[in-house]
Amino acid sequence: MRQQTRRLRCGIRLAVAGVSMLQAHNAAADVTARKERETIVIENARMRVEVVPAAGGRIRSWRLKPDGRELIALWKGRAEIGGALDDRAFFTAARYTAAVMHPGPKNALVRMEASHPSGLTVIKIFALDAGSPVLAVRHEFRNGTQASRRLFVRNFLLPGAHPQTDAHLYWVNGKNERRGTRATAAPDAHGYYLPDSDAWAALWHRETGDGVAVLAPGVAKFYFWRGSREFPTFEWLYPDVPPGRVLRTEVRFVTVDGQAEKPPDWRALAARYGRGLRKPVLSPLSGWVDEVTRFGITEEERARGFWLSIGVGDRKRRLPQTVPVDLPLDDSRWIGITVNVLADQRGPLRLTLPQQNIAAFLEVPGEDRIELLPVPAGPLTWQAGERRTVWLRVSSHGNKPGTVALPLGLGIGKSACEVRIRLKVWKVRIPQDAPRPFHVRGYCGGFPVWTGGYEVTDKGLKQLEAILAVFAEMGGDVLDWNGVWARFCGHVRIAGTNDMLAETAKTHPERIRLDALPRLDFSYYDPWFDIAKRYGVTRVEAYMADPRSPQWTWRLFDATVGRDRVKPDTPEARRVIAWFYREMKRCFEERGFQGFFCKISDEISPEIIPTYIATARTVRGSGWRPFTTITGMIARTARHIRAMNPYCDQWQLSWGLKDDFLALTHRKYVLSEQTHPLPPDWRPYTNGGARNTWGLRVLGPDGAVKISPDQVENFELLEDGVPLRKKGGSPWGNTDRGAVITGGRLHAWLYLSPTAGAPDEHRYDLRVSIRREAPDGKPLVRVDPTDEIWCYGGSSRPYRTAYSRTWCYPLMTLYHGFAGYGQWAFYHWNRTERIVWIDPASRVTVSPAWCGYRDGWRDALLFDRVRRRRGNEVFAALLGDSDAARLRIGFRQREVYTYRTVLNAADVLARNAARADALALLAE
């Protein structure tokens, strides 16, 4: 990961440096790159480019200035072909992650990345200078599959007027592959062209004088398709990229506009703007494994065209002759069997299943999901090097204790092989009322998201029941009580009357006395509450924003007490907020719900602690218990934990920082104070448009101060003897003066913006408090014994998370003895933040991520039962930190985090062996 990050930074620097040479004129106009909803706009005085990350990272509009004529001939939306820079293969409609790396004003830089389950990853970087007619695009094409792949870029480019006519002329620096002819001002270029060593091609419209040339060193072929005059294509493809290799390329689009008198001298333009343009580079892909050699692929498997495996990553292995599955009575688990394709072929996935015990699904990636769907009956296209996973849900429902062989057939087209499952059902049952070892919150946005609105409808209730069923199956019991409170109030009554709260607040606000606020009746929502209780979702956690926020006016005040009666950030405002939250809590208590924690903000940094505390006081005053998610420096700094402790009743710790927090609260340390002068070697930092910002590598073995960041309990950066204000976020786009910035956590680099001037005008010293573990020390902080400790984890687009990783969350929650875990995310209002999906008929489909959470919960219940009956020592043999433990706990490092997890979680056989041991212990 660090090597990839260094390569990316290097690539960005080179891209900026290369494009900086492309100034066509002495234009002073700035360039900007900015997000506009779902689009990124890159614009200067010569062009406006609109890129859609969620639509394959393609350019949907490209207008040349000053006339504003469009270069793009076709755009029908994200799911259809069109635009420019279509990376084809799996990526035409893929959702790319995108970041504006440099927003201008002299250079603009945008980075996009997308990955496919096959092992392919595409990174592309757009670069544009102020005043330049040249858009540069760099590709990094990572072939992590087991077969050769090709980068093939398709563009629907048509300068000038549309549709295409004989006024559109082509130039290609190369010969037609079949005819051997060249295209020089030709109106009929079509098919493949083999470029000369100086590879470029151009298309120009002689009536408007608009044109575009592509300088593309290293391409194998240019391709032009002219089957449609409305949207002809302009394409190129590179040589095949072998498996386990990375291809890095750069192209430059040179645009001309209004040059109608005579054709541009494309050869001269290519020479001028091609300076510094790098040829493609092919290099090894870090971490790639040649599976043909590693797994000893046989001639029989080659002839069959595929081989089967289980497990992932370094735990991947050939499918054993028999796959053991040990289960309690009336239970089930998921097993993924991967089809590793060795040859291109087309045919149906054929499965022959036993009449009971096994259901099969195919893992299918989609626009914003990875879904387990019924195996399709029709033929599928299979590409060499591709991996597709068949998920088997193996069940013991209806079986008596004993062992049963479950043979099944699996094949592609006419080729097939046998898979043997050995199911052993133990005389052990996990009862429905088994003690719950911990709680599970799946972040979702609450009932309005699950039901489709704030009204109780038959359709919404049916959908709610379907979602709660799968939520409860993965252990979920915490109701994410969230939404716009004003929307709820449309159905809330003033208790003991027929008066609707929102209507009364609107028409007769004087009836709602601010000095004697009424009791509220939430019974309209009882159908929601009843379904939740039926599925065991009986713990409530709400959310509260900063009481000073002006949003409270329309989110609550206007709908509850009347327009303009209460102003934010006043004692009356806090009283109204506390009243409404007390009434909600009373409603839930009367219906048998429990818990009543209230989240404040999200993943806060240290400078937000005072705001958190102010909000926590209001939370406490309303009868709820305050908490937030802890993901940055707070978990690593005893001083911050100590400050929050009186106002935090639940510590929801990020997966990567839970062990830092546990160390500070349980291990013994001594502290020492040191002060170190810093050298005047601060480097300018301008990413994201940052101004007056500099950075210096201060900590770590290569830093100015040879201290590990992990040893620092507290620090101050003194400017001329006076501490600078600390900011815990990123220096990206910083314009704030008089601050030292950690970049989200304390690491090797510190960033600063002097109170005035530049760093060389000041003296800087680092004052640090160093912690050292010692037997005669003591824990640096202790939290209140009534507080709950949770872990919190997941990532954006959580459906992409592997089964083995989500399976770890319940197991590690059990191992640490935490009160619960908060899972990001279950079924969020943002459609990318889900691990299950529901169709109009209220049928739910799930992801491998959900299967991991669900199976992890079932295994946690089983192992907890062993611990309760047989003690901690026996439990540790199943899930522990010794080498002899079936499931081994140990430290793993990722990026800047070091945390404990189940090291062999991806080993299917190890997971089953631990379960078999647990069942044997309980069956005795």
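Predicted model: local features only at pLDDT ≥ 70, side-chain atom pairs only at ≥ 80, totals over all residues.
Residues are numbered from 1 along each chain as its sequence is written, and side-chain values use heavy atoms, with hydrogens and water left out.

Let's start with the whole chain. It holds 18 helices and 55 strands, where helices (H or I, at least four residues) and strands (E, at least two) are DSSP runs numbered from the N terminus. The C-alpha trace spans about 85 × 75 × 65 Å along its principal axes. For 924 residues, a compact globule would have a radius of gyration near 29 Å, and the protein chain agrees with that at 31 Å. That radius is taken over C-alpha atoms, and the globule rule is 2.2 Å times the number of residues to the power 0.38. Of the 924 residues, 57% count as buried, meaning under 20% relative accessible area, with exposed over 50% and partly exposed in between (1.4 Å probe, protein chains only).

Now zoom in on strand β50, residues 820–824. Four of its five residues are buried, so β50 is largely enclosed by the rest of the structure. Who are its partners? Strand β32 (residues 439–442) pairs with β50 in the parallel sense over four bridges, and strand β49 (residues 788–794) also pairs with β50 in the parallel sense, over five bridges. Pairing here takes at least two DSSP bridges between the strands. G822 in β50 is a handy landmark: R441 stands opposite G822, and G822 is also the bridge partner of Y792.

The structure holds two cavities of 30 Å³ or more. On a 1 Å grid over the protein atoms alone, a cavity is a set of points where a 1.4 Å probe fits but cannot get out; a pocket is an open set with protein on both sides within 12 Å along at least five of seven lines; and lining residues have an atom within 4 Å of a point. Points are joined across faces, edges and corners, and a volume is the space filled by probe spheres set on them.

The second largest cavity has about 40 Å³, and α15 gives the largest share of its lining, three residues. Among the lining residues are G794, R805, Y809 and W824. The largest cavity holds about 70 Å³, and its lining includes R333, W334, D859 and R911. Here α18 gives the most, with four residues. By class, that lining has six nonpolar, one polar and four charged residues.

Finally, the second largest pocket has a volume of about 540 Å³. Of its 21 lining residues, Q432, A472, W857, R858 and L861 are the closest to its centre. Helix α16 provides the largest share of that lining, four residues.

Key: Nonpolar A, V, L, I, M, F, W, Y, C, P; charged D, E, K, R; others polar.
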